[in-house]
Every structure is written in structure tokens, then in C-alpha cells.
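Colleague: Can you walk me through this one? I'd like to start with charged pairs and then jump around.

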Amino acid sequence: MVKFSKQLEAQLIPEWKDAFVNYWQLKKNVKKIKLARNKRPVLEISEENDEYGFSILDPIRFIAKKLSNRFRNGDHKSEILQVRSINRGEGDEEDVYQTELAQLFSEEDEVKEFFWRLDEELNKVNQFYKTKEREFVERGEMLNKQLQILLDLKQVLNERRWRNLQSKSDSGTPPRSSSAWSSDYSGNVTELEETQSETSTTDDVIVAFGRNGVNLINASTRTKTKKGKPKMAVRIDIPATTPARTITAVTSMLWEDLVNNPKKEGPGDCINRKKIQCAEKMIRSAFVELYKGLGLLKTYSSLNMLAFTKILKKFDKVANQQASTNYLKVVKRSHFISSDKVVRLSDEVESIFTKHFTSNDRKKAMKFLRPQLQKDSHMITFLVGLFTGCFVTLFTVYAFLAHLSGMFSSRRDAGGYTDTVYTVFSMFALLSLHMFLYGCNLFMWKNTRINYNFIFEFSPSTALKYRDVFLICTSIMTAVVGAMVAHLILRSNGFSPSQVDAIPGILFLFFIGLLICPFNIFYRSTRYCFIRIIRNIICSPLYKVLMVDFFMADQLTSQIPLLRHMESTVCYLLAGSFKTHQFQTCHSSKTYREFAYVISFLPYYWRALQCARRWFDEGDVNHVANLGKYVSAMVAAGARITFVMQPTLFWQIMVIATSSIATIYQLYWDFVKDWGFLNPKSKNPWLRDELILKNKSIYYVSIVINLVLRLAWVETVMHFSLGSVEYRFMNFSLASLEIIRRGHWNFYRLENEHLNNVGKFRAVKTVPLPFRETDSDG
């Protein structure tokens, strides 16, 4: 049977952990009472011996006294303690509970400390519940207003469209069917007539809202009352999350700055179908997050009630009293149990969402509001083990056959076949290593209760688990090594190089095709999510930067060798080297060598543009400082590539200077900004105040490891001599060490992000709302 303390730790909301009952501290207080009771009988007997002298009847006298006390206590169970509610202020939220012991306990100090702690925890839970309840209720009222504005706006647009259809019908133009102009509340708003002026539609909307007491304005529309005072207005505010919206927002802002006065009409200001759809999607997402928050608050209430019940039963058992009955009555009357606002608001959200967003389809609504978690499958575990065994076996066979054929000692193939196999194998090996470390990160985040799905905004129903990642990793490597074995066997049996050397290219194209495969196989939702994230990175800064976007961009900065291998593979396919067997075609090309700069710069360039976009959206100068880090890394990468091509003293000095500056910059950002370490005032010396891992020495070891792996660029300058170890193996090893450093960095980066959410009690996402009240004069 699982202990309740373990059960509570597994079920509590990680971001609200500090707001839960400190059950573990209360257990320590109960243990103190137990220890005090174990010492008390000996002390009482010795005291009576001092007063009356020693007698063989002392044990009988002591038992009789305890029985009389028990009967006396049984007659006054209701007077063991009294819990009073004290109001410290005008607001109801200032009510606090305070326990007074109506009966003396033999362990008076320990019992007083226990109930003092219990009162403190009850007041803490009540206060947090009231705060969150008030926050969610206010959010619900705001969403109701937003929804009403949306419904009114859609009604006005539909009436306008109906009038246009009627006028066309009167003029002889055949009207469209009702399905062409009608719209439901699930976002299926049909297009406006092409001949209809957006400006006139906007004017009709503004007039209609004016009749209802609401002034709907665009970016620069201004209205005043008869007395000249500004009216409160509602403005459609759609975040610039796509390239079109970003360009429109920047253009509008620049236009206003140029003319230095509000414009009457501009691009994107009119009320149109796309804005209505975006507004509806935002409101729908906000309702989903509100419902999720209400569910978390109900879980918070039930778990804390169970914790109070369990700890009071422990106290009764140890103290041999019946205090739990009286105290639990007070707990049940407290606000976090007696209030029904959360339950009523949850029912209201379900009803609204079902009616307006799923056309009264409750089953569909529940799929949005209560997404089902993936069930763990034993088949995935079996397949991971199967592919792992296949990979080990095939790799052993490949190494044995390669040794027998003398492939690596063949001078004839040294510049051709070996380079081809090395490029393809290294590319997939580095990718698989990165995925394997990501799977290890998922395993550690799950075990340490880091809510990575919330941080990355992944859907719980489709998010990958660590077993899924291991399955993808092992299946890829099994396919790659299997293709290498087939390639080697065919070459050994006398097949021509032009026939056999197409295998690496075919394998590469196969995985590209699998990535974009439209069929719902092999984690389609994850594959498409990956493509969408890569698109956002490539198109930086046109897309709004989310946590998962810049996290993935950071991964790409550690995968520059893989990108270089992809460059070689693409050149190998496009140049037809597998037909001519001229593998030096790409490496001898000037364009190929110059493109190496582009490949090395792009990940840092994308990451720098993301920092610029975040600074533009949030106005935080820390993003500008972060941008400088990636610019310095870009300069250092360029100096290292040039030094490889031109190994002169000047470029050696440039590499040392630029790489040293970039490394210091990166180390500072790793330790201070991303990990939150090097805090001299922390209660954990030179770490941070809150740590998830219990062993502090792990953090110090991690700092040293990150420092050492950040200095791997020194090999570029020093050219360490390792005897018979080939340069390709050295390059692969350095690339692998950088990926290991990145996987190591990932855990602490997300740990710090999780603790920031915990510090702010942030367990649900705050979705921006489209309609914003503003002063029409401002």
C-alpha cells in the first residue's frame, strides 16, 4: 500500500507545491509528540516515587490514573480544543483560524506547536484558494464579455451579408444558398462578398455597437461624448503571430510614426472575416485554459482536505485523543471546501463551450476541455528492446565485415566510399544521439515532476514520452546500420559503385519522405509539429517566438556538424557523385566551401533574430544582451572556419580572441541566466535558492562539465596528436561532445524555467484576449 505522503507528492500540482499543506512538516510534529509520550510514563513514575516513596503498587496506581484520565477525557471530547475565526481586516479574505486547547495535554508544548502549525497551514490554503478563485471568477466574467462582443459582431456581419444578398436578388442576381452566408459559433464564418467594401462593413459594425452602448474602434478611430469627454471603446487586438500580421503591425507602426498623427484607415484596420476567426480562436483557447485552471483548483481543494484528514488521524492515534472530529468540522466549513463558485463556474464553462464552440456537441466539447492522456503501451517498450538488440547485432556484423574486407586500409576507397559512408552514418548518428539525450531528459523531467508539457505548450494527448523517443531513436539507427551492412555486402560481391553508392542517398530521401508523410503513421502530429517549429525558426523574426521555438533553435546551434553533413549529402545527390564516383567534386568547389560559412552562421543568425523579435514584443533589454551572445558565437565560428582554410598566425590569433570572448559570454549566460546559478547570496552556495535534485554536488559537477565541454574549440587551434586516430573520428567525437553538453544543458534550463513558474504559481497559460477596452481619446 502506497503511503499518503508518496501519493500526495505524486498527485499535487508542481507549480502550486508551496501552497499545499506541508504534510511532511506536520508529520514531524506528530513524531515529536510520539517521542514525548514515550518518555512521559517513566518520568511520571519517578515523580510519584519522589513524593510518596517507592511501592510495589506504583504500576497499578499509574494504570488506574491513566484510565481515570481517559474516562474523564471521554466525557469532555467536545472540549479538547476550540478553533476560532479571527477577522484581521475588512475583507473576508482576512479571516484566519486560531486553535485554543481547552484541555491540558501531557505533551503540552509539542501539541501546541502542532496545532499552531496546523492553523498556519489551514490559513495558507484558504488564502491561496480565495486568491485563485477570485482570479478565475474575474477571468470568467471577462471571457463572457469577450464572447458577447464576438457574438454581436458576427451577427452584425451576417445581417450585412444578408442585406447584400437581398439587394443582389432584387437586382436580378441569383442569391446564394443559405449555407453560403450562414455561420455557426464554431468558427465557420463564410467569406464576405468580394464586391462588398470592408470600410462600409466596419462602419455598420461600429454603428451597431454604438446602439448597444459599446464603441468599437480600430487602430485610430476616435469618438467623444457630447460634453467632449472620451468614451470607453473596445479594440480588436490580434497578436502578430504570423508573417502577414507581423508585417502589417510593423507597417502600421511605421506609418503612424512617419505622419505623426493617427491615420483614418490603414491596412488591417477594417473588420474582416480573418480577424473574426482569429478572435474566436483566441477566446476558445482562453475558455479551455480557464477550464483547466478550475480543474486544478478542484484537485487542490480535494488533496488538501485529504491531507488534513490524514494528519489529524495520525495525531489522534499518537495522542490517544479525539481531536480530529472537532477540527475537521472547522476545515469543512472553511472557504476552500465550502465554496461552490469553482464548481458552478466549471459547469457554466462546459455549457458555454458546448453551445458556442461545438454546436451543442458535448462529446466534441469534452475532447477540447478534457483531453485524454496517452496510455503507456507495453508494445513500445518491447519494440525499443527489439530495435536496440537489432542495432547492436547489425553494428557488430558491420564492424566484423568491414575489418575482413580491409575497407579502412584501402587507399583506393579512402577518398570515396569511406567519406560517403562516414558522412551519412555521422549525420544519422549525431541525430540519434541528440534524440537519445532528449529521451533521457524527458525521463528525468518526468521523475523530478518538471511540467515540460506546460512549458513547451504541448498537447497532453499527443506529446511524446521518453519511451516514444527511444523507439524513434533505435528504429532510425537500426535502419541506418542495416543499410550500411547491405551496402558493404553488395560492394564485396562485385556490384559497381554507381549502383551501390546510391543507397545512402535513397536512405536520406526515405527519411525526408517519412518526415513529411501525410498519413497518420509514425507520430504524425509530432512530425508536423517539428516541421512547424522549423518553419518558425527559418522565418524568424516574422513568427512570434514561443518557448519551444527558441529551445529548438538552441538545439540547432549544437548541430552545425550535422548540418554540414546534410550539405555534403545534398551536394552528393545533386552533383550525381554516386554515378560518376567523383566524390571530390563537392569539396573542391569554391561555392561549396563558401556555403560552409552560411551553414555555420544560420543557427546563430536565427537565434539572434528570435532575440530581436522577443525584445520587440516584450521590451526586455535582456533579449538584446542575449542577441549579442549569438553574434559573438557567429564571429567565432567564422574565424574558426577561415583558420581551417588558411592556417596562418593571424587567423590563429583571431580564433583564440573571438572564441575566448564568445566562450566567456556563453558560460556567463549558461550559469547565470539559463540555469540561475552563481548567486552569492543563495542559501545553496553559488547555486540558486530552490533546487529540484537533492544532491547538491551534482550541480557543481555539472558546472565543471559544462565549462570543460565549452572549451572543445581549443582542439581547432592546438591540433592534438592522437596517433593513429583519424581526423574524421576526432571531428565526430567533438561533435558528439557538443551534443552531450547540449543535452546536459537542457535539463537545467527547463528546471530553472519550471522553478520560475513555481515561484509565480503559474500552472495554466494566460491566453491574450482579442477585444480590449481602451480610452478612445488615448
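Modeller: One term before we start. Buried means under 20% relative accessible area, exposed means over 50%, and partly exposed is in between (1.4 Å probe, protein chains only).

Colleague: What kind of model is it, and how are residues numbered?

Modeller: This is a predicted model, where local features need pLDDT of at least 70, side-chain atom pairs count only at pLDDT 80 or more, and totals for chains, interfaces and linings use all residues. Residues are numbered from 1 along each chain as its sequence is written, and side-chain values use heavy atoms, with hydrogens and water left out.

Colleague: How many salt bridges are there in the whole structure?

Modeller: The search finds 19. A salt bridge here is a side-chain nitrogen of Lys or Arg within 4 Å of a carboxyl oxygen of Asp or Glu.

Colleague: Which residue does Lys-32 pair with?

Modeller: Glu-113, in a salt bridge at 3.5 Å, N to O. Lys-32 is in helix H2 (residues 23–52) and Glu-113 is in helix H4 (residues 108–170), so the pair ties together parts 81 residues apart in sequence. Helices are DSSP runs (H or I, at least four residues), as are strands (E, at least two), all numbered from the N terminus.

Colleague: How accessible is Glu-113?

Modeller: Glu-113 is partly exposed at 27% relative accessibility. Lys-32 is also partly exposed, at 41%.

Colleague: What does Glu-121 pair with?

Modeller: Lys-124, with the closest N and O atoms 2.9 Å apart.

Colleague: Is Glu-121 buried or exposed?

Modeller: Buried, with a relative accessible area of 6%. Lys-124 is partly exposed at 28%.

Colleague: And which residue does Lys-765 meet?

Modeller: Glu-457, again in a salt bridge, at 3.5 Å, N to O. That pair links distant parts of the chain, 308 residues apart. Lys-765 sits in the loop between helix H30 (727–759) and strand E5 (771–775). Glu-457 sits in the loop between helix H16 (452–456) and helix H17 (466–492). Lys-765 is partly exposed at 32%, and Glu-457 is partly exposed at 42%.

Colleague: New topic. Which residues make the nonpolar surface patch?

Modeller: Ile-512, Ile-516, Tyr-528, Phe-530 and Ile-531 make a patch of about 400 Å². Patches take residues with over 30% relative accessible area and no salt bridge; like charges are joined within 9 Å, and nonpolar side chains (Val, Leu, Ile, Met, Phe, Trp, Tyr) within 5 Å. Areas come from the Shrake-Rupley method with a 1.4 Å probe, and for residues only the protein chains shown count as cover.

Colleague: Which helix gives the most to it?

Modeller: Helix H20 (residues 524–538), with three residues. Ile-516 is in the loop between helix H19 (503–515) and H20. Ile-516 counts as exposed, at 51%.

Colleague: Zoom out. How many helices and strands are there?

Modeller: The protein has 30 helices and five strands. Of its 778 residues, 44% are buried. It exposes about 41,800 Å², and carbon and sulfur atoms supply 60% of that.

Colleague: Where is the kink in H25?

Modeller: At Leu-602, shortly before the proline Pro-603, and it is about 40 degrees. The bend at a residue is the angle between axes fitted to the seven residues ending there and the seven starting there.

Colleague: What span should H25 have?

Modeller: At 1.5 Å a residue, the 29 residues of helix H25 (residues 590–618) should span 42 Å, and the end C-alpha atoms are 42 Å apart, which agrees. The expected span is 1.5 Å times one less than the number of residues. Just after H25, Gly-619 takes a positive phi of about 70 degrees.

Colleague: Last one. What is Met-634 in contact with?

Modeller: Phe-601, Tyr-604 and Tyr-605, leaving aside neighbours within four places in sequence. Contact means heavy atoms within 4.5 Å. Met-634 lies in helix H26 (residues 622–645) and is buried at 18%. Its C-alpha atom is 9.7 Å from that of Ser-659, 25 residues apart along the chain.
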